Amino acid sequence: MINFEHCIRCTICVENCPVFRVNADFPGPKQAGPDAQRFRMEKEKSVDKWVLLCSQCKRCNMACPCGVYPAEIILQAQQRYGLQHPRTLAHLLFANNYYLSALGSLTAPVANKVASTKIGKKIFHAMGITTYIPFPKFSFKTMKNEKKKKSKAVKKVAFFYGCFINFYRPDIGRKIIRLLESFNVDVVLPEQWCCGLPALGNGNLAIARYFAQKNAASLSNYIDAGYDVVYTCTSCGLCLLHDYPGILEISLAKKITENTYDLHEYIIGLIDDGYIEPQFTKVKRKIAYHIPCHLRALGIGYPAAKIMAMIPGLEYEIFDDTCCGLNGSYGFKKTNEETAVQLGTRAVSLIKKTGAENIMADCGSCRMQLGGLSGMDALDPAEIICESLGITEGK
Amino acid sequence: MGLIQHDVIIIGAGVAGLTAGSILVEKGYNVALIAKGEPTACLSTGCIDICSLDHDPLHGVSHLPDEHPYHLVSRAVIRESIEKFKESMVQMGFPYTGSPESNRYVLSALGTFKTTCLVPSTMAAAPQDEKDDLHIITFSGLKDFYPSYITARRKNASFSTYDASASTTMGLATNFEREDFLEKFLSWLEKLNIQEGKIAFPAVLGLESAATITQKIEERLRCKVFEIPTIPPSMPGRRLFNALKDYFRKKGGMIYWSWPVSGVEKTKKIIEAVTTPSEGRPKSLNAKVFILASGSFVGGGLTARRDTIVENIFNLPVFVPGQRDNWFDSDYFSLNHGIGKAGIIVDSSFRPKEADWENVFVCGGILAHTDVLKNGCGHGMALATGYAVAASCMGYIK
């Protein structure tokens, strides 16, 4: 994967780097990636603190015409830097986002209240966490207490719902279960943990690997029993498909990647196979479809857009050139606040120019950012599909 | 492989691929475009060279050697492809100036003239001779643009420097998109009290709204304003790419990014599908027709080995300009490098010659005998062959 010698210094990656656009302290993917790589000596302590400014949106990987993966080079440099230097509190907290969120959910009524008060915000700031958009509200009822329906369906799905759905928006998760059930698919919720991406993003390879191994073991059992793994968060998906076999070197990764699908990719597959013929009814909405960077990086095209095209009455426009700027926990760190706000504001202003009524994005963190900065409703594509098919979280 | 997913799959997101794609989508075909990375169009000046061998580019085409792919398309097709391109760029808010009847100049960052044909409206006011007096604006810390190169060549030119707290073309272009920045900059510019007739900028006047930003500066200063193309990161190149890509998608085309082709499924004389590696489950896309628009060496369509040249997707036969010794002229600036002729030789319908496939069509920089630098036909040749290939595809599918 690390083939920095292939770089011809054309700078196409630099043009695609959202952080480079707005933060002069970041030298861009070419310098932080292939250029600096030749100076990174195995035995020397890493000095390139600016690698931490990379948000791992992967846009440079996608843009490179020469097969260099600058983001991967930088990701490795970030892990090395993380290992060799004392970590800030924010980095530590976000690497362990899973436990933090689990705690937040357990104490949701109190935690949400505290988070929205002035003192709560001060505590956040003291920990190096920003509050320019409201911290997402913890949900008391997570996905774990979902009861499984008995089913004899041919198609079987192990649903990897991810932390965002689990701790903040289990209502969307429940809708997705109902949606798949309505397609005559047997849905189970395998035992699962954080995918590991937040830990990687905060330079903590060990924690990321710990989570990944646990997930891989759990998912692997379901795959052996004939289940397909379906994810809904595109960043979880990218981590499962790209980082498990890549930087995390998970031994069961091949099995996982061969059997894991994006939710909408999976639904399109059901339609193509003739397994279902969904009768979409009219949805009168004008939507700006913000493509999460990590969906782009997955290389599966934009499957939700294909479904949107089947829904009568729905108008949508695709935005895939703008990064929302939040990048999971990246933008929540005080050090990255300015970058995140500038990028988010730019993305929102382009969306507002189109006169769209709602924003749609596959990724919870994009929705949080764009919804928070625009004041518009930011929806998951699954919510629109459910609306069109008359599916609610209840039944 | 059951269901046919697409009518046409285009490999490569450059000028040729996107041009062919837009035409096919507009005609109602189901088109997907797959790309490994972004095209070399991003690195270009954004100007459309048709043919620089004569002041009249269409006349220049007749000076080209017989093997040049321009001879596979009629003058009418070249003209139509240019008209179509201009129309679509107007729709995308990035209009072009010029006509295929006469070439024009843009001022280069070295102060020399470069011959081209169509230029973005932001370069329309570039001087066409030595007469115009210029005032150049540059930005402190910008490493990729030195106005002294220009003032050393032109007597009637001077420059001023603005501190925009950004030192890259990308950072500056982002700043110019912000109204508060533009306003502050304009009031600084007004105070300079510029006496010269034209104001020149490195090409950093915005990304999405360059045409309106340039116009705004002209209106406020009441004098002509133009951009000078820079080395990459080149904003006009990116604007061109963005406009072509957004147009394609607006018309209903689908783009798959991060989709390097690793394999091909075929039966007899038909390519059935292309596959991409992906970490696990191989992903494949099938179609009735495949258009190869993967560019030449830098774009990734061709790879030069020690003594041969290969085409990377379908392993098509490649015209190799003799032994390696003939690939490069000893004089770097001579433009007589044999390597410029390398590529795929096609028949009159743009199918690769001496290949087994009947549903593959080839266009753009990967074609043989283009000699783009020598003949000054970059982008123009891509537009014309992309346009022609779309027609061939429609003929084949029908």
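This is a predicted model: local features need pLDDT of at least 70, side-chain atom pairs count only at pLDDT 80 or more; totals for chains, interfaces and linings use all residues.

Biologist: Over how many bridges do S7 and S8 of chain B pair, then?

Modeller: S7 covers residues 134–139 of chain B. B:Ile137 stands opposite B:Ser160 in S8(B). The two strands run in the parallel sense, and the number of bridges is six.

Biologist: Which strands of chain B stand at the edges of that sheet?

Modeller: The sheet is open, with four parallel-paired strands in the order S8-S7-S9-S10 (chain B). An edge strand here has a single partner, so one side of it is left without a neighbour in the sheet. That picks out S8 (157–162) and S10 (224–228) of chain B.

Biologist: Over to chain A: how much area is buried between domain 1 and domain 2?

Modeller: The assignment puts domain 1 at 4–84 and domain 2 at 286–389 of chain A. Their contact takes 15 residues from domain 1 and 16 residues from domain 2. Carbon and sulfur atoms give 53% of the buried area, which comes to about 1,200 Å².

Biologist: Which helix gives the largest share of the side of domain 1 of chain A that touches domain 2?

Modeller: On that side A:Val22, A:Arg59 and A:Met62 lose the most area, together 44% of what it buries. Helices H2 (18–22) and H4 (59–63) of chain A each supply at least two residues. The largest share is four residues, and it comes from H2(A).

Note on methods. Residues are numbered from 1 along each chain as its sequence is written. Chains are lettered from A and ligands numbered from 1 in the order in which they are written. Side-chain values use heavy atoms; hydrogens and water are left out. Two strands pair if DSSP finds at least two bridges between them. Domain bounds come from an automatic or database domain assignment. Contact means heavy atoms within 4.5 Å. Buried area is the accessible area (1.4 Å probe) that two parts lose on being put together, summed over both.
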